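Reader: I would like to learn how to read salt bridges in a model. Please take me through some cases.

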Amino acid sequence: MSKDFSPTKYILKSFKTGKEFNDEGWMLDAPGEAEPTLIRAIYDKKQIDVKDDSWGLYKFADWLPIGRMLEGSSAPVTYKSEGLAKELGLKNLWITFSGYWPEKGTNMKTASFKETEAYSVCGRMTEDMKHTLVVASAGNTSRAFARVCSENNIPLLICVPEDNIDALWFDSPINDCVKLICSKSGSDYFDAIHLSNIVAGMEGFVAEGGAKNVARRDGMATTMLSATTTIGEIPDYYFQAIGSGTGAIAAWEANLRLIEDGRFGNKKMKLMVSQNAPFTPIHDAWKADSRAMLSLDDNLAREQVEAIVAKVLSNRKPPYPIAGGLYDAMKDAGGDVLLASNEQAALAGELFLKTEGNDIHPASAIATATLIEAAKNGTVKKDDLIMLNITGGGEEKFKAENELFYLKPEIVFDINPNEEEVKEKVAKLFSK
């Protein structure tokens, strides 16, 4: 890009011990620490200077741990709701929309806020990193990484459950540097993660890192940065549907940076996160006031995942217990884990389309459904400053306007695959 870009200097910090250290290139863990902990980027620049929209996602580059900018990004857009707000009797509802809505100024061609992660993570990768990036996902994340890596010629292997590959649609054919492998039909996101972990241990491959990657969290945090810098103050409440909860962790971390910035107030917004019933592991742990996830039978979990409409919310091993994870975020900020059914999500999606004018993903509809209920039962008051994080939308709009191309799997593995077979077959994929 021709922008006058100079990376923000930063160091990394262990949440658990507070120990600070330099980023040696692709650090996902605090060196020399035995207990699991998230690490954080501590930026030299304490007040964010938001660039204009022509920078895309990189308008928030001051607080992104990146060394380069990539072409094709778009930032989340925040606007004050009129239609939905009136319907719910809320005077101060702001919607942060990530997806495809050119009329509002956001042009994410995968229609998902996962693009905020992909452009940040791939911007953290240096040009001399000769590894193939490995990403596991239930669908949307892989679609975003596939598009960004394809357009920027970054080698990528994505691992997705076979039942979710209809999520891998694009408006142009995907570059051969991107390969897809699957865990067979009947598997879920956890099985795709297991497959990716086998590959990430191979020479020449590197795990993207999920919640442990500071670039992923700080990329997702741009939703919170969009909301706060647009509104002019930190919201009272943050509504978002979660699978892993990484987006809520990211919002909390951004909240702390914005307090330190000094221009947006000093409050901590309550994290009102939601899950799609009957798959409710984070809800169950939170309601039991348990840092540890509760025991969940694998087969029952797969059945529950099969039953939910928002498949992207199906993480069985979320970064909830880890130091600096969702449990700590919610204990510090306050909030609650809410539930919505498939039926409530369908009604919420219809209401959003009718009142705001665009289609939204099932996960976003889950978040909207819990906001509807919170407004109805008085959990939120009419004057509260509320941020509704719509993490994906405009997909139907985009599909209606574009010819679609689908990525097909190179290999489909058993749910419990033979590790040596996986390594042998994957190695051949990238030796052609």
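**Reading the salt bridges**

Author: Start with Asp 332, which counts as partly exposed because its relative accessibility is 34%. Buried means under 20% relative accessible area, exposed over 50%, and partly exposed in between (1.4 Å probe, protein chains only). This is a predicted model: local features need pLDDT of at least 70, side-chain atom pairs count only at pLDDT 80 or more, and totals for chains, interfaces and linings use all residues. Residues are numbered from 1 along each chain as its sequence is written, and side-chain values use heavy atoms, with hydrogens and water left out.

Reader: Which side chain meets Asp 332 in a salt bridge?

Author: A salt bridge is a side-chain nitrogen of Lys or Arg within 4 Å of a carboxyl oxygen of Asp or Glu. Here the partner is Lys 268, at 2.8 Å, N to O. Asp 332 sits in helix H10 and Lys 268 in the loop between H7 and S14, 64 residues apart. Helices (H or I, at least four residues) and strands (E, at least two) are DSSP runs, numbered from the N terminus. Lys 268 is partly exposed, at 36%.

Reader: Asp 188 and Arg 316 also meet in a salt bridge. Is Asp 188 buried or exposed?

Author: Asp 188 is buried, at 3% relative accessibility. Arg 316 is buried too, at 8%. Their N to O distance is 2.8 Å. Asp 188 lies in the loop between S11 and H4, and Arg 316 in the loop between H9 and H10, so the pair ties together parts 128 residues apart in sequence.

Reader: Which residues are linked with them in a network of salt bridges?

Author: Asp 191, Asp 298 and Arg 302. The structure holds 33 salt bridges.
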